[in-house]
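Open the model in a viewer and keep the selection tool at hand. The stops below are meant to be taken in order.

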Amino acid sequence: MPRLVIAAPSSGSGKTTVATGLMAAFAERGLAVSPHKVGPDYIDPGYHALATGRPGRNLDAYLCGPELVAPLFTHGARGCDLAVVEGVMGLFDGASGQGEVASTAHVAKLLRAPVVLVVDASSQARSVAALVHGFASFDPEVRLAGVILNKVGSDRHEAILREALDESGVPVFGALRRGGEVVTPSRHLGLVPVAERGAEAVAAVAAMAELVRVGCDLDALYAVARSAPSLGGAAWDAAEVLGSLPEPVPSRNRGSAPDPGPRTPDGPNGPDRTAKDRPRVAVAGGPAFTFSYAEHSELLAAAGADVVAFDPLRDEQLPDGTSALVIGGGFPEVYASELSANEPLRKAVGGLARSGAPVVAECAGLLYLARSLDGQPMCGVLDADARMSERLTLGYRDAVAVSDSVLASNGTRVRGHEFHRTVVEPGAGATPAWGITRPERRVEGFVQGGVHASYLHVHWASVPQAARRIVAQATEVARATEGVTPS
């Protein structure tokens, strides 16, 4: 698999512009491009998906463990001609206090992939060679194949930079001019997601492609990508992973399901293959809920679910036959008024939660299930209120499940990530979801009935049994309600 890792000395150097532009430019050439992002970032993969027409996928050595990075990469890149991996922060910046773990360099080594360094050259001349030399020599196991110079001021400036780098022996694959940067709007948690920008996002990706196409040597970059050695090993496969797991034990915290009423008789060819065999799991999407990992829906489907997306900003009811609900991260605080105004859906979510059906909510989903968000009524599933805060909560977390829930059995250890500027009061229910063990010790989240709500983002590839538990409980709900005549 030809592959490139796009890295930088620090955040703000232009990685996203270059990586997304390369993805789009190569896709325009007719290549099937597989997009990837190092770390837990949900927003950049949206731009990657727009550039390539394929799901943007995350590669996180902390959340999933180093052993899953290559299999997840191979799974996402299956059938493609080229993979482009956008790094995170500076090349060697990883999980705090964990050395190289989860850094771009760590992932590049796990993928045996050449690295192209995007350097902000706006305030540099010959010193750029010293900077690049330092990055090239810091870790001999990282193959720094070359650089792309960003924010170059003039032809003269470019000539000085290239002359300096010629002396260092590091190839220059492109130079992007200052003033040609693509402006992408940001707010309290970074870039505004693709789902909120519509045509503007399409135009931004097209501009990134043009910038890279004009300023970079695409043929040379593709040749470097093709020089990557064979990766080897099997691709991650949701069905195979789930097939190796024991049957899940239903959560002891389940609420009571509705009265099943009369059962529908089996068909003439055996059991009727209806909702009781393939329960419907509704997954929140749309502009307010854009944070999700592609593997989550793949695991749910492989576990036997019919996965259906819906938009809480527009849809007034849950999809017909919904037996479970997954609400991931996003920006409900931006759309609090609209979410609150959709009273029919709020009531439907509350009714599903009270029925004992599995409802899994992360971060934004937690806010949506609360009693209120910034004074606006939400679903009222949890006896808690949420509000915006000036403080950014950000970082990896080690946690343990402190109770049985639809997501995890008591004692299950996970690694997660928090990323929000909101506060929920209280921060934990009578039955908390997680005990955070690192970096600080505290309990967090809510477990009640079939509901699991928490600020913690967890990548289910590291805990695939979560999908099995959700679908198993959803199947019980679907079977219990099959044949019930709506009132």
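This is a predicted model: local features need pLDDT of at least 70, side-chain atom pairs count only at pLDDT 80 or more; totals for chains, interfaces and linings use all residues.

Residues are numbered from 1 along each chain as its sequence is written, and side-chain values use heavy atoms, with hydrogens and water left out.

Select the seven strands that make an open, parallel sheet in the order 3-2-4-1-5-6-7. Strands (E, at least two residues) and helices (H or I, at least four) are DSSP runs numbered from the N terminus, and two strands pair if DSSP finds at least two bridges between them. Strand 3 (57–59) and strand 7 (172–177) each have a single partner strand, so one side of each has no neighbour in the sheet. On average, neighbouring strands are turned by 25° against each other, direction ignored.

**Strand 1.** Now select residues 3–7. Are they buried or exposed? Five of the five residues are buried, meaning under 20% relative accessible area with a 1.4 Å probe, protein chains only. Arg-3, Val-5 and Ala-7 lie on one side, Leu-4 and Ile-6 on the other. Four bridges pair strand 1 with strand 4, where Val-85 stands opposite Val-5. Three bridges join strand 1 to strand 5, and there Leu-117 is the bridge partner of Ala-7.

**Strands 5 and 6.** Move to residues 115–120 and 144–152, which run parallel and are joined by six bridges. Asp-120 stands opposite Asn-150 in strand 6.

**Helices 3 and 4.** Show helix 4 (residues 104–111) with helix 3 (residues 66–77): their axes come within 9 Å and cross at roughly 65°. Axes are lines fitted to C-alpha atoms, for helices over the stretch in contact, and angles run from 0 to 180 degrees between N-to-C directions. Among the residues that meet are Phe-73 in helix 3 and Leu-110 in helix 4; contact means heavy atoms within 4.5 Å. Helix 4 also lies across strands 1 to 5, running at about 170° to strand 1.

**The cores.** Finish with the largest nonpolar core, which has 116 residues. Such a core is a set of buried Ala, Val, Leu, Ile, Met, Phe, Trp, Tyr and Cys residues joined through side-chain atoms within 4.5 Å. Leu-149 is one of those with the most contacts inside it. Another core, of 38 residues, lies apart and includes Tyr-335 and Phe-446.

Terms used
Buried means under 20% relative accessible area, exposed over 50%, partly exposed in between (1.4 Å probe, protein chains only).
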